[in-house]
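Hi everyone, thanks for coming. Please have a look at the sequence and the structure on the screen, and I'll walk you through a few places in it.

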Amino acid sequence: MTRYADFHRRSIEDRDGFWAEQAALIDWQVPFDQVCDYSNPPFARWFPGGRTNLCHNAVDRHLKDRAAQNALIFVSTETNQERVYSFAELHAEVQRMAASLQALGVKQGDRVLIYMPMIPEAAFAMLACTRIGAIHSVVFGGFASVSLASRIDDAEPTVIVSADAGSRGGKVVAYKPLLDEAISLAAHKPAKVLMVNRGLVPFTPVAGRDEDYAALREQHRHTEVPCTWVDSTHPSYTLYTSGTTGKPKGVQRDTGGYAVALAASMKHIFCGNAGETYFSTSDIGWVVGHSYIIYGPLIAGMATIMYEGLPIRPDAAIWWSLVEKYKVTVMFSAPTAVRVLKKQDPAALKKHDLSSLRALFLAGEPLDEPTAKWIAEALGKPIIDNYWQTETGWPILTICNGVEQAPSKFGSPGKAVYGYNVQLLDESTGEALTEPNQKGVVAIEGPLPPGCMQTVWRDDERFVKTYWSSVPGKMVYSTFDWGIKDEDGYFFILGRTDDVINVAGHRLGTREIEESISSHPAVAEVAVVGVADTLKGQVAVAFAVLKDPSLAATEADAKALEASVMKVVDEQLGAVARPARVRFVSVLPKTRSGKLLRRAIQAVCEGRDPGDLTTMEDPAALQQVKDLVGG
């Protein structure tokens, strides 16, 4: 094994030589002329001159050696369905979907918007688009009409692929009315809507626009659709970043660079091998679903599990039963999901044989130390945190055990990943911070490595202005996160630069306070926000979910517990970081993908309109906050 420090250094100092080697992990129809064209910073063109195809690398190239091997494993605890597709069967289904899209007029370069639940047809649609050189834009299923309409207008799809409904927690969520309303609101009208009818809700097709997928699929039972070889720099998809205000921001991804980045990450980060099984618990509407449900595992020749359902239904052992049944070797989930499991019967983690599982990867939000320790001890498996963004498409910080075995540190996502020249910069001067444990903005020197965003869809100016212009005097990519790096090179993420609380001149990251409160034995989960204060400018206010709600059953109990939590913060961070209030709630406001709605909590605390809440899982959660603060 190579020393990781040398591996990383080479990826920066001999960038082209390093990435030329990684490019050999995928198939090219035409070799590239150049590894990286960075003649127009900050726009990087990876492997220009090369021609390849994402679907070919995910599906077709495996037919020779593993046609009968599992490729896509669909499990729905919502509809009690389970279906396994071999690589040969997946190849056939993707061609049927591709032929159906072509029959509806989709050509290379056209956009296809996919608004789907977690069902196999969603995967077929994504792969079919990349097969024929169309650009897919997946919108999280269940997004409300106004949000969906804004994405329709930005992407201008030729066709929308959707379904009658999804299901969550046993409750059917009708998609068709939301989609019809969104199209009526949108200025752009798609020529066709391809409907997958699951039979969950009745709906009326719009004459002349809506097409039935089952009927088209039957017509194209034997249609062969060859892969369209595209330039490496050809866009593969756009994905809208969540939480944006105003016009949605479409992250545009290329084809060749993305395929290479994913192939390399499967080898060096996830240590996944062809013939094994990968289980990511995300949704295809998010970047993890794109990279590590669909493309990454399939490019590596692994089977991938696509799961529709909750982690605790029918019981808290459901995920682990799938690990046992399908001999999952690599699993990828989110800290939020682990915190949900933490509140369940611990026996659920011991019911199934997890001997096949090598590691559990967690990402999506900061992983606090108590949660990391709990799941590590409960599973007896390595827990590997990783930090990245929709914009990067694959991890920025983690442990690359495929290069050199290294320990994780609780609370840290790890070290800078190969290809990423990560720096901590002083917010005011832009100077690099070189001493250990100095707090700065996490930034990346250009060019961004393969697989990262090319630009903002149809808005190069916004790409430069948003990501490359925030640090004075330097053109560097800002993650908009605070971080520190310890003496061993491990990074710790301290929260968003725009979630910083300025308390009487002291700048505090919400993340630091959350980490401290999480270590209190009574606390299961916490969100900290900065709230305007006439005396101090801002004060921190915490909302905590207790492991045992009865601990705050009376007002006296709640006050005593609040004082106890504050004492922990005093002891760990000092009195300056002590929240003004710690309030106890039964559930925190979150999106359906598990992200905390800190901005909405802050807005309610300050008596402001919380804005777009279409992705909120449970409206009652925010109402609890309103009731507590008297809003």
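I'll start with a sheet, go on to a pair of helices, and finish with some single residues.

First, some ground rules. This is a predicted model, where local features need pLDDT of at least 70, side-chain atom pairs count only at pLDDT 80 or more, and totals for chains, interfaces and linings use all residues. Residues are numbered from 1 along each chain as its sequence is written, and side-chain values use heavy atoms, with hydrogens and water left out.

Now the sheet. Helices (H or I, at least four residues) and strands (E, at least two) are DSSP runs numbered from the N terminus, and two strands pair if DSSP finds at least two bridges between them. As a reminder, strands of a sheet pair through backbone hydrogen bonds, either parallel or antiparallel. Here we have an open sheet of eight strands with mixed pairing, in the order E12-E11-E8-E6-E7-E14-E15-E25. Which strands stand at the edges? They are E12 (210-212) and E25 (455-456); each has a single partner strand, so one side of each is left without a neighbour in the sheet.

Inside that order, find strand E6, residues 111-115, and strand E7, residues 135-138: they pair in the parallel sense over four bridges. Leu113, for example, has Ser137 in E7 as its bridge partner.

Helices pack on this sheet too. Contact means heavy atoms within 4.5 Å. Axes are lines fitted to C-alpha atoms, for helices over the stretch in contact, and angles run from 0 to 180 degrees between N-to-C directions. Helix H7 (residues 145-155) touches E6, E7, strand E8 (159-163) and strand E14 (237-240), and its direction makes about 165° with that of E6. Helix H11 (residues 287-299) touches E7, E14 and strand E15 (250-253), making about 140° with the direction of E14.

Next, go to helix H1 (residues 4-13) and helix H2 (residues 15-22). Their axes come within 5 Å and cross at roughly 110°. H1 and H2 are therefore roughly perpendicular to each other (angles under 35 degrees count as roughly parallel, over 145 as roughly antiparallel, 65 to 115 as roughly perpendicular and the rest as oblique). Among the residues making the contact are Phe7 and Ile12 of H1, and Phe18 and Trp19 of H2.

Now some single residues. Is Glu78 buried or exposed? Glu78 sits in the loop between strand E4 (70-76) and strand E5 (81-86), and it is buried, with a relative accessible area of 11%. Buried means under 20% relative accessible area, exposed over 50%, partly exposed in between, using a 1.4 Å probe and protein chains only. The side chain of Glu78 reaches the backbone nitrogen of Gly169 at 2.8 Å.

Leaving aside neighbours within four places in sequence, the contacts of Glu78 include Arg313. The peptide bond from Arg313 to Pro314 is cis, with omega near 10°. Another cis peptide bond joins Gly446 and Pro447, with omega about -5°.

Lys327 has phi near 50°, a positive value in a residue other than glycine. Lys327 is exposed, with a relative accessible area of 57%.

Let's end in helix H16 (residues 510-518), where we find Ser516. Ser516 is buried, with a relative accessible area of 2%. Leaving aside its neighbours within four places in sequence, Ser516 is in contact with Val568, Val569, Gln572 and Leu573.

Key
A polar contact is a pair of N or O atoms within 3.5 Å; within protein, one must be able to donate a hydrogen and the other to accept it, and residues adjacent in sequence count only if both atoms are side-chain atoms.
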